[in-house]
Amino acid sequence: MKGNRAPGLHGVVAVQRGQVILEHYGEGEDFKLNEPLGHVRFTPGTLHDMRSVTKSVVGLLYGIALADGHVPEPHETLLPYFPEYPDLAADPRRAALTVEHALTMTLGLDWNEDVPYTSAANSEIAMELAPDRYRYILEQRIVAEPGVRWSYCGGASALLARLIEKGTGLPLEEYARAGLFDPLGITSWEWSTGADDRALAASGLRLTPRDLLAIGLLVLDEGRDLVPTSWLTAALHPHVRIDEGFHYGYQWYTGDTWTGAFGNGGQRLYIAPALNLVVAITAGQYNIPDQPTATTVLNEVILPPLHPTP
């Protein structure tokens, strides 16, 4: 930090074998999505945007809802669960889209989140500006064979959340409260909503680093009695390749020795089962091309004492 090699570090908590090995809180400019919060001095109780780590939480909620019989199996097709769009279901290629295509972000849709999340040219922002976010997602042009190529898509997470809401009859945040947060003892949290008052499934969750860590410990502990172990096995399996040694499961990233959830700005949940290690990091490097803080803290501070090849 003295060398400014971890800029915008807001918080980090690391636990190995049940013991806290590092906990640090910083200060700096922060945002709630695109709303400036000013200069914040972070504490263990300060809520922080999770951004796209939210997607991985939605992935866990889908597994809980599936075990309760509320949502379709991954192999089932999507459009029958959106009967309000019969015109889209009439397209044979679109009608072939499955739940697993959404879980793995292999829908093959024309979707671009490479521009800043402050621009309507970003597909996630355009989705939120649309009169009907679910129609907006499902009517996007299919530009690749579904199920083949990974393409980052917040719309996929929104579709999964809508299936949860349709199946349970509850808003996403209420299902999360009852099925995940309350059982984990997570009592201080927020879930930002869109113009339609629905929870932003791609990016809206706000947690403290300690509570983010609690979700990671749940995954490390194979779901305990909350998330079925069979679902975690499927969710953390490398279903589609992103890059060498870097894959995607069901809304979770996977490497050779780790599982993770990533969010814009440097939000990171890192789980290394072989090391019995969970790390939660929050940072404020939003919307800049290079966001090295979380990787620097992980690879240069936390891992070297624990493993010879971080």
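Reader: How do the residues lining the largest cavity divide into nonpolar, polar and charged?

Author: Keep in mind that this is a predicted model. The cavity in question has a volume of about 40 Å³, and its lining is made of M105, L107, G108, L109, W111, S151, Y152 and C153. Sorted by class, that lining comes to six nonpolar, two polar and no charged residues.

Reader: And the largest pocket, which residues are closest to its centre?

Author: That pocket holds about 690 Å³ of space. Its lining counts 24 residues, and those closest to the centre are Y117, N264, I288, P289 and Q291.

Reader: Which elements give two or more residues to that pocket's lining?

Author: By class, the lining has ten nonpolar, ten polar and four charged residues. Going by element, the ones that supply two or more residues are β11 (259-263), β12 (267-272) and α11 (293-302).

Reader: Over to the open sheet with three strands: which strands stand at its edges?

Author: The order is β5-β7-β6, with antiparallel pairing. A strand with a single partner has one side left without a neighbour in the sheet, so the edges are β5 (48-49) and β6 (190-191).

Reader: What is the bridge partner of H48 in β7?

Author: β5 pairs with β7 (residues 205-207) in the antiparallel sense, over two bridges. In β7, the residue bridged to H48 is L207.

Reader: Why does the pair of W258 and F262 count as stacked?

Author: The ring centres are 6.0 Å apart, and the planes are at 25°. Planes under 30 degrees apart count as stacked, so the label for W258 and F262 is stacked.

Reader: What charged end sits over the ring of F262?

Author: F262 is partly exposed, with a relative accessible area of 22%, while W258 is buried at 18%. The charged end that sits over the F262 ring, 4.5 Å from its centre, belongs to R268.

Reader: Last one: which residues form the aromatic cluster?

Author: The count for the model is 17 aromatic pairs, and the stacked pair F246 and Y253 is one of them. The one cluster is formed by W150, Y152, F246, Y248, Y253, W258, F262 and Y270.

Methods. Residues are numbered from 1 along each chain as its sequence is written. This is a predicted model: local features need pLDDT of at least 70, side-chain atom pairs count only at pLDDT 80 or more; totals for chains, interfaces and linings use all residues. Side-chain values use heavy atoms; hydrogens and water are left out. On a 1 Å grid over the protein atoms alone, a cavity is a set of points where a 1.4 Å probe fits but cannot get out, and a pocket is an open set with protein on both sides within 12 Å along at least five of seven lines; lining residues have an atom within 4 Å of a point. Grid points are joined across faces, edges and corners, and a volume is the space filled by probe spheres set on the points. Helices (H or I, at least four residues) and strands (E, at least two) are DSSP runs, numbered from the N terminus. Ala, Val, Leu, Ile, Met, Phe, Trp, Tyr, Cys and Pro count as nonpolar, Asp, Glu, Lys and Arg as charged, and the others, Gly among them, as polar. Two strands pair if DSSP finds at least two bridges between them. Rings of Phe, Tyr and Trp (its six-membered ring) pair if their centres lie within 6.5 Å; planes under 30 degrees apart count as stacked, over 60 as edge-to-face and the rest as tilted. Buried means under 20% relative accessible area, exposed over 50%, partly exposed in between (1.4 Å probe, protein chains only). A charge sits over a ring if NZ of Lys or CZ of Arg is within 6 Å of the ring centre and within 35 degrees of the ring normal.
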